[in-house]
Amino acid sequence: MIDTILYNGTIITLDDHAPRVTAIAISMGRVVATGSEDDILHLATASTKKHNLNGKFVIPGLTDAHVHFEWISRSLSTVNLYEVSKEEVLQRTANFAAENPNREWITGWGWSQDLWTDQSFPTAADLDAIVGNRPTFFQAKSGHAGWANSAALRLAGITSDTPDPEGGTILKDGNGQPTGTLLETAMRLVANAIPEPTPDQLADMMHAAQNAMLATGLTGFHDFDNPSCMTGLQVLRERGDLAMRVVKQINRAWLPHALELGIRWGFGDDWIRYGALKLFADGALGPRTAYMFEPYVGEPDNYGMSLLDKEEMMEMVTTASAAGLPTSIHAIGDKAVHEVLDVFEVARKQEAQRGEKPTQRRHRIEHVQIIHPSDKHRLAELDVIASMQPIHGTSDWERSERYWGHERSQWAYNTRLQIDLGARVAFGSDAPVEPFRPFEGMYSAVARRQPNGTPSPEGWFPELKLTVDETLRGYTLGPAYAAGMEDRLGKLAPRFLADLIVIDRDPYTTHGEELLRTAIHATMVDGVFRYGGIE
Ligand SMILES: [Zn+2]
């Protein structure tokens, strides 16, 4: 029995047998058939819901292959004070307090008194007037100052008698009373008093974050946060509210526990499943800690930093692999990528000796932000997934040129190279480091410039642009493969999961910044509209 039919639109399926159709039939969360109105409409029964697309477009649901979901959820549940006046800070605080009456603590981030008319440090009294007795603590944009109200100071045990901690200052007024501003390590006195959210509170925050993600066309994500994230997700599911497909990676500290419990890759179901062990090989470009073969420009002694000894990495990767878990390793610098590839090479040999095919251990490198030319073929050869974030290329191009130099930058953020050499790619955002909105990532991949036209209208290394088709596959089929779900996720074909989005334009003929203006009319996961809808 067909429960849902969408018709009279353009359905881009990514199914090579029928790449563009005008109608699709869905039953029990799965695609039953795609084709023309003649093929599909006669399948309807009295109870089938028929939705007229009226010329709109449908593409498979998009998956973000690298997010920090708990971090996203928690940051969406704080007051955003970034780049606003003091009046606006207080207004937003009042709004947040009213909208979240059950939230015990009010937290926020991003204030900066330099932007205010009165540039002096704010006081507890400013906040007390708005929030009364609800403890409130806001971190400054600089990360070096905090602003607490009286209730927060009281809960942190800060009084006129409290001495300054080492490396910090509790600002005090003429009478020796704490003003509410805490500098450097003194911030911790309050930060440590803020309770961690309970699983139920976390699930509330996750519900809001999920709705925000569904509205951007995402239907799934791969998460890199800690087990508390898994707990929150399961509470969300127990409530019947989980509406996206989740792959949960296992961070290093929990490898022994996963092994003890006998958890293997893919444990779970089509909603929540365990993915790979997650390790860090190096730092990042911004702080110049990505581990490099050659030093940073202008810093002849700085090669960045290895965060994991190669032997230790080898031990963990091979142990995990023998126990049925692939590994997903953060590697940004070219030396880090090189070492990770060396480790995967050994793991692959051991796997081959055990008779395991590469498809049984889906190892991945997270970011691959720069690769040494002599290593360029190795991801494809070892069948290691390049989990990359196209938006990093357009937000980091200037840092890449400055710290790595122009010559090396041609090997940076190079999704083109990996696709051309035959590596599998899975795209994502690393949200909340970058926005999770997938059309921004798609735009970055195809335009390789920022919407304001920097660094040039042609784009940064324009020869490295991807096509829309390649990009779309990187947000659908790529993550589906990484999840081990390529036989049922990532395209709209018979027996595949009915995860799709309805949009207002054809991405294949949408150019440049127009892609960013794509409107999401509806997001369907498992055959149910989870965001928006159509007639
Ligand atoms: Zn990350």
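Reader: In which sense do strand β13 and strand β14 pair?

Author: This is a predicted model, in which local features need pLDDT of at least 70 and side-chain atom pairs count only at pLDDT 80 or more, while totals for chains, interfaces and linings use all residues. Residues are numbered from 1 along each chain as its sequence is written, and side-chain values use heavy atoms, with hydrogens and water left out. Helices (H or I, at least four residues) and strands (E, at least two) are DSSP runs numbered from the N terminus, and two strands pair if DSSP finds at least two bridges between them. Between β13 (residues 168-172) and β14 (residues 178-184) there are 4 bridges, and the sense of the pairing is antiparallel.

Reader: Which residue is the bridge partner of Val 246 in β17?

Author: Strand β16 (residues 245-251) pairs with strand β17 (residues 272-280) in the parallel sense, over 5 bridges. In β17, the partner of Val 246 is Ile 272.

Reader: Which elements do the buried residues of α2 pack against?

Author: Buried means under 20% relative accessible area, exposed over 50%, and partly exposed in between, with a 1.4 Å probe and protein chains only. In helix α2 (residues 69-76) the buried residues are Phe 69, Glu 70, Ile 72 and Ser 73; they cover an arc of only 160 degrees around the axis (taken from the directions from the helix axis to the C-beta atoms), which puts them on the same side of α2. Counting contact as heavy atoms within 4.5 Å, these residues pack against β8 (62-67), α7 (199-214), β15 (218-223) and α8 (227-238).

Reader: Which residues coordinate the zinc ion?

Author: Donors are N, O and S atoms within 2.8 Å of the metal (3.2 Å for Na, K and Ca), and sites may look incomplete, as water is not among the atoms. In sequence, the donor residues are spaced H-x1-H-x361-D, and the pair of His 66 in strand β8 and Asp 430 in the loop between β21 and α16 (438-447) links distant parts of the chain, 364 residues apart. His 66 is buried at 1% relative accessibility, and Asp 430 is likewise buried at 8%. At 2.1 to 2.2 Å, the coordinating residues are His 66 (NE2), His 68 (NE2) and Asp 430 (OD).

Reader: Is Arg 495 buried or exposed?

Author: Arg 495 is found in the loop between α18 (477-483) and β22 (500-503). Leaving aside residues up to four places away in sequence, Arg 495 touches Arg 30, Val 31 and Arg 488. Its relative accessible area is 64%, so Arg 495 counts as exposed.

Reader: What share of the 535 residues in the chain is buried?

Author: The chain contains 18 helices and 24 strands, and its C-alpha atoms fill a box of roughly 80 × 60 × 55 Å along the principal axes. Buried residues make up 55%.
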